[in-house]
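Have it open while you read, and follow the points in order.

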Amino acid sequence: MSDTTGLTHDEILRTIRRHTVAVVPEIDSARIVPERTLDELGCNSIDRAEILTGVLEELDVDLPLEKLTSGATVEELARLMGEHR
Amino acid sequence: MNDRPIGIDAMNVYGGLARIAARDLFAGRGLDPERFDNLGMAARSVALPFEDPVTHAVNAAAPLLAGLSAEDRDSIGFLITATESGLDYSKSVASYVHAHLGLSPAVRLLEAKQACFAATAALRLAAGYVAAEPGAKALVIATDVALADARASYAEPATGTGAVALLVGEEPRVLALDPGATGAHSFEVQDTARPTPDRDIADVDRSLLAYLECLVGAYGDYRARVPEADVTGTFDLLVFHTPFSGMVKAAHRRLMREFGAPDGPSAGPADRRWIDEDFARRVAPSLCYPDVVGNLFSGSLYLALAGAIDTLRPQGELRAGLFSYGSGCSSEFFSGVVRDTAAGTLAAMDIAGRLDRRADLTFAEYEELLPHSTSSLVPVADRDIDPYAWKDLLDRVPDRGRLLALTSVKDHHRHYDWIAEGTTAR
């Protein structure tokens with residue numbers, strides 16, 4: 001795997017899942033499917049901010065905040081992060 | 001340059017004359033009660049129709065200056081108002097404030113703007129001025145009037161009004177800034193803005209993300225400059241810009257997960273318990289005033305600092321880490337020593353007592369007052385305001401002391417008068 005572009009979409013999804021459960025331990029990780037938004041999973045705006053900054057830092061993604069909108073699904077978030085890595 | 005400590009020598013908070021309980025506001029607006037705890041607010045301060053950024057600033061600074069000798073007062077050579085509620089494109093709020101505080105004419109005036117970060121930038125400027133002019137003092141006043149109404153949704157109950165005055169000098173009695181111990185992080189983002197005098201725009205998700213990104217960036221820069229710093233052990237107290245308590249809780253967790261927790265971002269429930277205990281010990285004392293005033297814009301960090309000092313009443317010195325964030329965005333993490341004289345210096349201002357004595361508004365009274373806040377910020381050539389029309393409300397605030405009030409605008413020039421206690425009857 002290349003160290004700059006090799007992270008797969010599935011690995012990004014796994015990272016989002018892990019941070020979501022770390023921030024909101026009450027969420028069953030099996031419910032975190034790509035079609036859902038974090039809002040639908042029960043994450044409030046503060047939870048969402050914590051999850052996303054955590055993932056962005058860990059993956060070293062430089063994503064302009066203008067690109068992030070509150071209605072994005074987990075799948076869309078993962079794709080955005082993949083594009084900006 | 002001199003090597004004497006520089007920092008906040010004295011400070012005072014003006015949190016308005018009236019408040020509405022957050023629960024009453026939730027009920028009045030039909031906001032979801034399940035989100036109440038997340039917000040962590042008890043009340044918001046509300047401006048009266050004769051209040052504006054000038055009166056807030058003067059009403060915060062006047063009691064502080066009253067305690068100074070004539071010599072100390074005349075040593076104030078720089079007055080900076082920090083506000084996102086500016087009244088004119090050219091003329092500063094500071095010019096009016098200077099007139100009504102009776103400061104020496106041998107003073108520089110400036111208005112600073114960078115959303116909720118402006119007061120910290122002003123404190124930096126003031127500290128630099130004091131370092132360059134031995135014996136001189138500077139006065140920094142963060143002052144704002146909120147526009148938040150029903151359009152602001154859940155931000156409405158969390159948005160305050162008022163001012164915080166900081167006297168900056170050598171041998172400070174409240175907070176000695178650690179020289180060189182500071183980190184910054186800024187970038188352009190459209191998270192919140194006030195494009196016209198009567199309109200706030202905000203993207204809540206983007207703003208929370210920008211705040212957290214800045215916290216990590218600014219603390220990272222701080223640690224690069226202060227390599228021996230350890231976020232879990234260096235600071236006895238952590239004080240954050242406080243738009244609402246829930247945000248501060250998230251910020252603390254983020255800081256601990258990134259720089260402090262042993263297991264990093266993937267840590268489990270045990271880690272979370274440790275972080276919660278740390279929050280209760282080092283952060284929660286700073287939330288008591290923000291919880292009953294609301295977000296005081298660039299004064300918010302210093303409102304939180306005052307709350308921590310008044311709550312803990314430290315007998316010895318405490319090292320504090322402070323984080324200031326302003327939308328748009330600019331931020332700084334810096335540290336200083338809360339002096340053993342801080343509690344006594346702040347107690348003389350009776351901040352808790354004055355916040356406690358604010359008049360409680362019903363939702364109907366609140367809705368009647370709200371449009372006047374906007375009116376105080378929108379430029380008009382001529383206008384008359386009669387403070388005594390609000391006598392019934394004023395009379396509900398005991399021991400309110402002498403207050404400055406906006407009484408008229410003539411050809412765009414604002415005019416103010418003092419309302420002495422007990423003179424509301426005409």
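**Notes on the model**

1. Let's start at a strand pair: B:K410 stands opposite B:H413, which is in β17 of chain B. β17(B) pairs with strand β16 (residues 403-410) of chain B in the antiparallel sense, over seven bridges. For the labels, helices (H or I, at least four residues) and strands (E, at least two) are DSSP runs, numbered from the N terminus. Two strands are called paired if DSSP finds at least two bridges between them.

2. Before going on, a word on the ground rules. This is a predicted model, where local features need pLDDT of at least 70, side-chain atom pairs count only at pLDDT 80 or more, and totals for chains, interfaces and linings use all residues. Residues are numbered from 1 along each chain as its sequence is written, chains are lettered from A and ligands numbered from 1 in the order in which they are written, and side-chain values use heavy atoms, with hydrogens and water left out.

3. Back to that sheet. It is open and has three strands in the order β15-β16-β17 (chain B), with antiparallel pairing. β15 (383-384) and β17 (413-419) of chain B are at the edges with a single partner strand each, so one side of each has no neighbour in the sheet. Helix α5 (residues 93-101) of chain B packs on this sheet and touches β16 and β17 of chain B, its direction making about 35 degrees with that of β17(B). Contact here means heavy atoms within 4.5 Å; axes are lines fitted to C-alpha atoms, for helices over the stretch in contact, and angles run from 0 to 180 degrees between N-to-C directions.

4. Chain B also has an open sheet of nine strands, in the order β5-β4-β6-β7-β1-β8-β13-β12-β11, with mixed pairing. Which strands are at its edges? They are β5 (108-112) and β11 (237-240) of chain B, each pairing on one side only. From one strand to the next, the twist averages 25 degrees. Inside this sheet, strand β4 (residues 76-82) and strand β6 (residues 137-144) of chain B run parallel over six bridges, and B:I76 stands opposite B:K137 in β6(B).

5. Two helices to look at next are α7(B) and α8(B). α7(B) lies across β8 (175-186), β11, β12 and β13 of chain B, at about 125 degrees to β8(B). α8(B) lies across β11 and β13 of chain B, at about 125 degrees to β11(B).

6. Now the interface. Contacts link 26 residues of chain B with 21 residues of chain A. The area buried between the chains is about 2000 Å², and carbon and sulfur atoms give 57% of it; buried area is the accessible area (1.4 Å probe) that two parts lose on being put together, summed over both. B:D205, B:R206 and B:L209 supply 29% of what chain B buries against chain A, more than any other three residues.

7. How many salt bridges cross between chain B and chain A? The rule finds three, a salt bridge being a side-chain nitrogen of Lys or Arg within 4 Å of a carboxyl oxygen of Asp or Glu. In one salt bridge, the side chains of B:D205 and A:R48 meet at 2.8 Å, N to O. On the chain B side, the elements giving two or more residues are α7 (204-225) and α8 (245-260), and α7(B) gives the most, with nine residues.

8. Over all chains the salt bridge count comes to 29. One to check is B:R29 with B:E156, whose closest N and O atoms are 2.7 Å apart. B:R29 lies in helix α1 (residues 22-29) of chain B and B:E156 in the loop between β6 and β7 (162-170) of chain B, so the pair ties together parts that are 127 residues apart in sequence.

9. Finally, two backbone spots to look at. Most residues other than glycine have a negative phi, and most peptide bonds are trans. The peptide bond from B:G328 to B:C329 is cis, with omega near 0 degrees; B:C329 is in the loop between β12 (318-326) and β13 (330-338) of chain B. B:D350 is not a glycine, yet has a positive phi of about 50 degrees, and is found in the loop between α12 (342-347) and α13 (351-356) of chain B.
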